[in-house]
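Reader: Could you walk me through this one, chain by chain and then residue by residue?

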Amino acid sequence: MGKEKSKSGPLARRPDNSAFKQQRLPAWSPMLTASAVLPFFYLLALICMLLGVWLLLTVQNTQEMKVDYTEAGSCNLCFEMRKNVSNAGQRCTCMIMFSIEKAFKGDVFIYYGLRNFHQNLRRYMDSRDDGQMLGRKSNLKSPSSYCKPFDVDEKGVPIAPCGAVANSMFNDSFILTYYTINGPTVVPLLRKGLTWYTDKNVKYRNPKMDNLTLPEVFEGTTRPPYWQKPVYQLDPFDPNNNGFINDDLLVWMREAAFPNFKKLYGFLYRANKPFTKGLPAGNYSVTISYNFPVQYFKGRKEVVLTTVSWFGGQNHFLPIAYLVTSGLILLTAVVLTVVWWKFGKDGKNMAD
Amino acid sequence: MTWRSPLALLRDAVLSQKAREKELRSLVSNLPFEGLGKSKQPNRFFKPNAIKTNKYTPLFFIPMNLYEQFHRLANVYFVGLAILNFIPVVNAFQPEVALIPICVIMFLTALKDGWEDFRRYQSDKKLNNMPCLIYSRTAKHYIERRWKDVRVGDFVKVVCNETVPADLLLLHTSDPNNVCHIETSNLDGETNLKQRNALPGLCTSNDVFEPESFNCTVVCEKPNNNLNHFKCFVEKPDKEKTGAGIESLLLRGCTVRNTEHAIGFVVYAGHETKSMLNNNGPRYKRSKLERRLNVDVFFCVLLLFIMCLIGSLGHYLWLKNLSDVPSFLVSDSKGHLDSPSLSSFYMFFTMIILLQILIPISLYVSVELVKIGQIFFILTDVDLYDEETDSQVQCRSLNITEDLGQIEYIFSDKTGTLTENKMVFRRCSIMGKDYPHKENANRLALLEETESEENVIFSQSTLSSQASRYDEDSSPVDTHRHGSRHRSKMAVNRQSSMAFSSPLETQVIPDEKLLQQISRSERSSSGISDPYMDFFLALAICNSVVVSMATTQRQRVSSPSHSHKTNNPLESFSVLVKRTGSFWKVFDSPKQNGSSTSAHKRSDDANGVQPRALDTVTLSARPAAASGDVCYEAESPDEAALVYAAKTYGFTLLARTPNSVTVRVPSGEELVFEVLDTLAFDSNRKRMSVLVRHPITGEYVLYTKGADYAIMELLGTPYAEHLSGQQKKIAADTQYHLDCYAKDGLRTLCITKKIVSSREYQSWLADRKRALAAIDGREELMMASAVQLETELTLLGATGIEDRLQESVPDTITALREAGIKVWVLTGDKPETALNIGYACRLMEEGDLVINMSCKNKVTCVSILDCTLEEVRRYHEDPRNVDTTQKISLMIDGDTLAIALSPDLQDRFLDLAKRCRSVLCCRVTPLQKSRVVKLVRDKLKVMTLAVGDGANDVNMIQVADVGIGISGQEGMQAVMASDFAITRFKHLKKLLLVHGHWCHTRLANMIIYFFYKNAAYVNLLFWYQFYCGFSGTAMIDYWLMIFFNLFFTSTPPIMFGIMDKDVSAEMLMGVPELYRTGQGSGEYNFRTFWISMLDAFYQSLVCFFVPYLAYQGSDVDIFTFGTPLNTSSLFIILLHLGIEIKSWTVVHWIIMLGSVALYFIVTLAYSAICVTCNPPSNPYWILQNQMADPMFYLICIISTVVALLPRYTFYVLKNSIAPSPLIQAKHLDRMEPSVRDMWMKEWRSLRGGTEVKESRLSTPPSPTLETSVDFYPGFGDAASFVGEDMSLNVIGD
């Protein structure tokens, strides 16, 4: 008897006669019948169609070129050489010729592509220490256990950057040459600004300098076992592009979603002729410093040149998807129109 | 505390255990031992009165609560997964993070448990510290102590309006007759006063009870939870035993009323009291939907297993395919790589962790939340609120709301369920002469009319215009008259619910002929042994009605506003009298104002009859003035009706004590009858008797009343043998009248008398005493002794009491039948009464084929069953009857039912019964009721609902899938046993047709959706495994995955389950046929489940492969790829629900849009803040980046459209080509109300639903016309007795 309500009187326990409590809130109840949804279907088909056409036109203007250099041409030798781990320290350079039929207009992006390389394996992905790469000194000296077995070397010296991801970094380099009538010209590449702004400026930092030089900061650490040079010497030309904020390292550290992927290597530098409008048609060669072994995973390596549209690189799937969807919706709409025609226009069939 | 050796403590513990386990306990007074050490106390082995219902102690809360929580399978699953995550070789996520969900869930549960336990602790503390009076030897009087100090063997004094602290054996009361009145509303909700008697023979001559002189031993049985049963005897030092039963026990929690104080001996204390033993928690029932749900969860487990197996197998093949060790294959710290088979074995467990949410554990929590919401809406439904009793529907079982939407069979009690259980004396037959009481019938008809009119006025609340119509003498106050009158009428009725004293029941207009007859016989035989006098004396004496003075209205603690309400009845009643004044015209007396007319008239008519005693109208109209007026408190309403009837004829019951009854006879004389014994009513004997000594003649007279079949076979000599032969066939005449009454739907009782010789009495008394003192087999002995006396009875007459049909019962039953529910009525009444009610409430209709089964032995029963079955089958196979609905009704009586329920016949009986539209079982026992329900439930595999109001329905209510109790006049036992408690039968219509349907469709759709949601989301992860070497990678950040299920997509389905409305309530009420969609497997079945699972697979395929193809070969990183996936799956999952939602209210919009907004806000914030907080997978700035990329939007749009297109199109096509009845109803819903009503009517008539008339007790059609298959030859004859008074019944129409 304890819960006597504050209300008293004969109707004390009468429930409120409010719309909410009586479940009589005004409601919109859409009828999913042909007549009601037909306009929506036609409209949706039209929108998809327009988007599809627009995307298709955009994609038509983009260009892409892939050059597989795994064992093509003189790279065959290097490929064979890399099969033997004992030759890891030896340099190997090779060159591939290719030609561009139609000029690449506008900005040209140069990627390196890998096939069959699973950057998305769970254990591999986790094998990194973001704290270390954020420049935390403690993590620099004692890397996270996630980095195992690439956290310390045999002597117990911490590895920087630690982990399998950094260790397996792609380390081929390319020199693109354009053969004009006047002889070969090296295609100027811009190798900066490859990463997201936030990666370069927030997510990855070098450890605090405190008036020390970069090599001094990294003292007491060692390079990852597969690397040839330490992390503070990644870019021999630009001292500010070294350590944990090296663009190539950052690009590599952003793990690819699929086993076949490409990663940004550089942009075409368009300041000087003949590259002001992009890559002109003609013969090109790419000289590769061939370091990255792929035979362990039956992988392929390639160089990708591409121009981009407002919605990314060359992408034939989206326009087709939009057009096909539009067609499907249109078909459905037609069927529904027939249904609407046959089965009563405004639900009069209810009386049957 | 004195120090005691551990050994002694141990010995004590063993001894007390033994003492408690013993069947019989011997208790002595504590007083001689007062002040002695604990080991000296004689009653130390029994539990103290302090109670402790809290489960936990502060110190051990955490371990105990954890232990409790791990009893839940879901928690074990969660924790198992979390532990799995801590094993390095199989973990899928960071172990610490994986612990979060389970920790949150368990913490919240612990918080809730802790709070509840604290509340229990507080209430225990409050109870334990309540004051009470315990006798102390040192202080020589009762001193105030706390409840917790009460021990077995103490003497406790309880004063008026105080609560009894423990189970007390009543020894003494302030009442001169040593009785005590208690109210047991705290225990069973019954508010009528019950009389308890002090143990006789203990109290010495003086009024003061001396506890110190109490030197007897109380021997009582082991504590049990039966509130209506207690066995005990008190052994005096001289070995004399006195038996005592429940009538001498004051139960803990009862309140003492009308008695200044009572002194009792504590028999049971604390947890051993009957009320505490009865105090078990809420019942847990599993609904049909939940059982189905568990099957599907099992399917999910199977699916999960298969998916994990595929993952592990895939991983094995992938590893095998690698010829060498690539740099992306990370070895463990020692540079060692597991073999493919071992790592694929580990991968199996990793996959379980990764895909764990495929098992919708959160579904159980959500289902519970949804049910709470659904119950909230049922409770707040104003249509289920009863103004008269100010009570709403109660949901006692919290988890079977959706079962209400799947009912196929209803088993209903008759009395109090279909009928009002407001007993009104209608007519009687004395000495074979019928007194029809026509005026009384007229009055009832009129009263009913005015009542309904008043309701209309109230609901329209148009005050003034109507007010003047009724209140000619309208005063300025009258503008508020209607509201107050209505309210006051309710107050009257509420009062009546505890005292059975509404004017309807208290008033009887006497039959003139009978009045004359009484006055004649009074004059002639000076009121000693005249059958008429005896008849009314029997009515007045032979009952258990308690008399309380109208002026000493007891005060009820629970309703403080009561006092002001009690003034209102007279005002309302005077109005009522005025309005019903027309019936006074029947009397040829001068037209005056209501009350004075009646008083005047009756004093004219029955000269010699005391006007004051007769005048019942003045009783109600002037309670304040007539200080000598009495109120009757009866446990059963028909007893009260009979007492009021006797009072009308001048035989006023003035007082009742255990040993005497005072009756004022018409001559004004007050006769005090010494009550020698009362043989209480029980369902086996079906009668009760009172043995009194007549104050004038000094004879021992036994008055017996009971059911006619229980009485007729006990008849001995007819009354007054010396009378002429014509009168000797009284029994036959009375039987004839009884049959007539039954045809009218009246409840009949036979009244008899027996004069017991003094020698006979003495020998019987010895037997009786033996029986009373017995502990073993006491019931049997008591029963035998009662039967021994109740022989050779002399028939005085019979009474007919009307029990009116409740409001809109026929309408409700018709609607339920249209809804495809079969209604069975199980009643203890006579077949004739039952049949009449069956017609009145439209259980059966004119033109129905009524099969009447009644046979005495098995052979005939078998042959009848076979014949009937054959006939019914033929009827069904007849091509002419194909399109007509089954119009066969079965009527069976208790004896036949017992035969039909035998194992070899029950299949045939069920086969017959399921072909019948309605079944009427009469004269069935409570046990049979539950057997019938159980049989139908188990054999036919259908959902059953039992509805009843009395203790005899408890079995049935407990057995049925859904038990509904009607809180009415017969106490609360049915309500206590029920899952839902309503106040009126008509509420069943809305409860089932609207709430049942809604709850079922909502929950069913919600559950299906939940399965879909989890499967669709988890499959995204599964598809990704094909591209990451089955390594258990998740492309969505783990935190976001948790949030996704916990915040972004959890509220919409819950809201959907609580608030979605497929068809409006009006439509569901108007077209009961819509209820059929829920019957059988309902909306949630094998097909719908798998369709939605397939849809989930399809949608997840779209949701994964559209982004995959779009990003194929690009430089996208893994978490950037996961973002559009996560986003578009959010849109798909929410819009999928959007397709399912039938009506969008503002709440829907807020929650749906809120969920989307929450997703973006939380994800953006998380991506902005979290630089390294979730180490291997930092989603830093990813959504921001994506939202700046047009590709993101293009992907989200296309995958959402493609994923939802099939379902949307399917719905549109289905609704356009072959709309289900629900869709058609929804369509009608959108029309104008007038047009809608027209369509609704047309629909109902189209489906063969009959037009429903508001009909009350209508004339039953002559049974001979429609019972073409009538196997009960006697019945046809009986049915042809359509008495001249039949016309009375149709007045109400």
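Author: What follows goes through the two chains in turn and then takes up a few single residues, and it should be kept in mind throughout that this is a predicted model.

Reader: Fine, start with chain A, then: how many helices and strands does it have?
Author: Chain A contains 10 helices and 11 strands. Its radius of gyration is 31 Å, whereas the globule rule gives 20 Å for 352 residues, so chain A is more spread out than a compact globule.

Reader: And what does the C-alpha trace span along the principal axes?
Author: For chain A, the C-alpha trace spans about 95 × 70 × 40 Å along those axes.

Reader: What about the contacts along the chain, how many join residues at least 24 apart?
Author: If one takes the contacts in chain A between residues at least 6 apart in sequence, 77% of them join residues at least 24 apart.

Reader: Charges next: how many positive and negative side chains are there in chain A?
Author: There are 42 positive and 27 negative side chains in chain A, and the centres of these two sets lie 7 Å apart.

Reader: Which residues of chain A does the UniProt "transmembrane region" annotation cover?
Author: According to the UniProt record, which is an unreviewed entry, the annotation "transmembrane region" covers residues 36–57 and 320–341 of chain A.

Reader: Helix or strand, in the model, for residues 36–57?
Author: Residues 36–57 of chain A are 100% helix and 0% strand, with the end C-alpha atoms 34 Å apart. Residues 320–341 of chain A are likewise 100% helix and 0% strand, and for that span the end C-alpha atoms are 31 Å apart.

Reader: OK, over to chain B. What is its secondary structure?
Author: Chain B has 48 helices and 33 strands. Of its 1293 residues, 60% count as buried, and it exposes about 50,900 Å², of which carbon and sulfur atoms supply 59%.

Reader: And the contacts in chain B, what share joins residues at least 24 apart?
Author: In chain B that share is 75%, again among contacts between residues at least 6 apart in sequence.

Reader: Now single residues. Where is Ile966(B), and is it buried or exposed?
Author: Ile966(B) belongs to strand E32, which runs over residues 962–966 of chain B. Its relative accessible area is 1%, and the cut-off for buried is under 20%, so Ile966(B) counts as buried.

Reader: What is Ile966(B) in contact with, beyond its neighbours within four places in sequence?
Author: Its contacts include Gly416(B), Thr417(B), Val947(B), Asp949(B), Val975(B), Ile982(B) and Arg984(B). Arg984(B) lies 18 residues from Ile966(B) in sequence, and the two C-alpha atoms are 6.5 Å apart in space.

Reader: Switching to Asp1095(B): which helix is it in, and what does it contact?
Author: Asp1095(B) is found in helix H39, residues 1086–1111 of chain B, and it counts as buried at 9% relative accessibility. Leaving aside neighbours within four places in sequence, Asp1095(B) is in contact with His1136(B) and Arg1207(B).

Reader: Last one, Lys1241(B): buried or exposed?
Author: Lys1241(B) counts as exposed, at 53% relative accessibility, and its place is in helix H45, residues 1233–1246 of chain B. Lys1241(B) and Ala710(B) are 531 residues apart in sequence, with their C-alpha atoms 49 Å apart in space.

Terms used. Residues are numbered from 1 along each chain as its sequence is written. Chains are lettered from A and ligands numbered from 1 in the order in which they are written. This is a predicted model: local features need pLDDT of at least 70, side-chain atom pairs count only at pLDDT 80 or more; totals for chains, interfaces and linings use all residues. Side-chain values use heavy atoms; hydrogens and water are left out. Helices (H or I, at least four residues) and strands (E, at least two) are DSSP runs, numbered from the N terminus. The radius of gyration is taken over C-alpha atoms; the globule rule is 2.2 Å times the number of residues to the power 0.38. Contact means heavy atoms within 4.5 Å. Lys and Arg count as positive and Asp and Glu as negative; His and the chain ends are not counted. The place of a charge is taken as NZ of Lys, CZ of Arg, CG of Asp or CD of Glu. Buried means under 20% relative accessible area, exposed over 50%, partly exposed in between (1.4 Å probe, protein chains only). UniProt positions are given in the numbering used here, feature names are shortened, and annotations may be inferred rather than shown by experiment. Accessible areas come from the Shrake-Rupley method with a 1.4 Å probe; for residues, only the protein chains shown count as cover.
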